[in-house]
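Please look over the sequence and the model shown here before reading on. The report after them is meant for someone meeting this structure for the first time.

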Amino acid sequence: MNSVVVIGGGPGGYVAAIRAAQLGANVTLIEKKHIGGTCLNVGCIPTKALLHPAEIALSAREGASCGVHTTIDAINWDEVLAFKNSIIGKLTGGVASLLKASGVKVIKGEAKFIKPKAVEVTLEDDSHQIVEADRFIIATGSVPVMPPIEGLRESRFVVDSTGLLSMELLPKTMVIIGGGVIGIEFAAALAAFGCKVTIVEALDTLAPTLDREISAMLAKQLEKQGVELMLSHKVVSISDGESEAAVKVDNNGEVKTVSAEKVLCAVGRRSYIDNLNAEAVGIRCERSKILVNEYLETNIPGVYAIGDCVGQIMLAHTASAQGEVAAENAMGEKKCYKPNCVPSCIYSLPETAAVGITEQQAKEQKIDYRVGKFPLSANGRALIANGGEGMIKVIIGNELDELLGVHILGAHATELIAEAALAISMEATVLEITETIHSHPTVAEAIREAVLDADSKAIHIPNKKKKG
Ligand code: NAI
């Protein structure tokens, strides 16, 4: 019961390793590339480190609206990348120190199961080491999907999100295939840097999991920032010219070509268990995902799997939450992983965040609900921050008068969503939220106002509906 091996050092794996060590396990973490995984090295953190200078550029352009007149002399891409790399360095160094301080042994190498409770690790010098343990926690993550589009793999202009984060030059033009989370975040950053961005999205909406109204507002924001949206367009083929790629797109039989210096492929990620040999030793998998029960345990007792390699919700914070549960279960507890709500964030400019059910889901699930909305143009802090762009929309369940969903587009949305997540996970009622005093002036006040609006009681907007 005392030895735990964690495979993968991302936000799932390193959190699991630290928690298992806290509980007294003798922990070994095996990582083939970088501690911190996709999130810290080529995902969440570096994209936000690009979005920060992008936001500064955007603010500089808009500064004249509040009396700050400025011009941007240059976007120095090398320095932008250096800033991004310095943040990555600090955070990965921090995680390495935490692992050391927790007594976790880190092995740099690629693990492959040779028995259900033993792996062979190919070390950096190509030598091999066998590692055995009582418990295993698999956290091998995911990789970008490369769809079978003609010419995509061969093109020298196509990058995935990892490639984009280390491009040598900032392109003047960019086609982004996929209007999901990654596509939107990079489009926002690159457009703010002055790149002409076109998003090609197969569906008729951006980020289809968002509430439809929020998604439409987000689309308008991106267009305002100069991003061209080609919704309901599929990429048919890509062919390389001398200095650009020609991307052929199809909209119900109408074919057009868009040219760009770079093409970002952002059509999703897939679970990564490619060289793990998990199935061969009897660990049950389905379509390259590891199957687990509610305790995050595979069909082999004592072997757990968490995060993107399980492929339920591919988010860093769900991987970390699962990491804690799996580590605790590996150390003898019996905890279920059943979050009743998972917040999701898109770091667009302004940001988008959501938790709980959307209005579409409320309708599909035949829930008796009502909606409250509050435009951020009526919120002082938001008005100062970005001219009051955005809205907060809440879904209230009528049966128990409780908050079921919160959807935000606007300044600080990704921070505000924490209040909503706590409220939903504690099954807060309308009264509990509206009786909570929110500090002024904050954007958070608008959450309370949106809840009040569900009963026509908002103070800072005219109330059209009358209750009763
Ligand atoms: P995604 O699943 O969010 O979006 C992919 C989009 O590509 C979909 O809208 C889909 O309709 C579209 N698409 C697929 N094939 C296409 C084609 N041939 N032509 C045009 N459009 C096509 O995937 P994405 O953006 O790559 O993100 C991958 C994962 O990483 C997601 O699970 C996401 O949640 C996670 N992630 C989360 C972040 C966050 O929490 N802020 C940031 C970045 C990624």
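## Basis of the report

This is a predicted model, in which local features need pLDDT of at least 70 and side-chain atom pairs count only at pLDDT 80 or more, while totals for chains, interfaces and linings use all residues. Residues are numbered from 1 along each chain as its sequence is written, and side-chain values use heavy atoms, with hydrogens and water left out.

## The chain as a whole

The chain has 13 helices and 24 strands, where helices (H or I, at least four residues) and strands (E, at least two) are DSSP runs numbered from the N terminus. Its radius of gyration is 24 Å, close to the 23 Å that the globule rule gives for 468 residues, so the chain is as compact as a globular protein of that length; the radius is taken over C-alpha atoms, and the rule is 2.2 Å times the number of residues to the power 0.38. Along the principal axes, the C-alpha atoms fill a box of roughly 70 × 60 × 45 Å.

Of the 468 residues in the chain, 51% are buried, with buried meaning under 20% relative accessible area, exposed over 50%, and partly exposed in between (1.4 Å probe, protein chains only). Among contacts (heavy atoms within 4.5 Å) between residues at least 6 apart in sequence, 62% join residues at least 24 apart.

## Nonpolar cores

In soluble globular proteins, nonpolar side chains tend to be buried together. A nonpolar core is here a set of buried Ala, Val, Leu, Ile, Met, Phe, Trp, Tyr and Cys residues joined through side-chain atoms within 4.5 Å. The largest such core has 40 residues, and those with the most contacts inside it are Leu164, Val197, Ile199 and Leu222. Two or more residues each come from H3, helix H4 (77–101), strand S9 (173–177), helix H6 (181–192), strand S10 (196–200) and H7, and the largest share, eight residues, comes from H6.

## A pocket and a cavity

On a 1 Å grid over the protein atoms alone, a cavity is a set of points where a 1.4 Å probe fits but cannot get out, and a pocket is an open set with protein on both sides within 12 Å along at least five of seven lines; lining residues have an atom within 4 Å of a point. Grid points are joined across faces, edges and corners, and a volume is the space filled by probe spheres set on the points. The second largest pocket has a volume of about 720 Å³ and is lined by 25 residues, of which Glu55, Ser59, Glu62, Ala385 and Asn386 lie nearest its centre. Helices H3 (44–62), H7 (212–224), H10 (380–386) and H11 (413–425) each supply at least two lining residues, and H3 gives the largest share, five residues. The lining has eight nonpolar, eleven polar and six charged residues, where Ala, Val, Leu, Ile, Met, Phe, Trp, Tyr, Cys and Pro count as nonpolar, Asp, Glu, Lys and Arg as charged, and the others, Gly among them, as polar.

The count of cavities of 30 Å³ or more comes to one. About 40 Å³ of space lies in the largest cavity, whose lining includes Pro144, Ser161, Ile182, Cys265 and Arg269.

Pro11 lies in the loop between strand S1 (3–7) and helix H1 (13–22), and at 13% relative accessibility it counts as buried. Pro11 and Gln322 are 311 residues apart in sequence, yet 9.8 Å apart in space, C-alpha to C-alpha.

Most residues other than glycine have a negative phi, and most peptide bonds are trans. The bond from Leu349 to Pro350 is cis, with omega near 5°, and a cis bond also joins His440 and Pro441, with omega about -5°. Phi of Asn252 is positive, near 50°, and Asn252 is exposed, with a relative accessible area of 79%.
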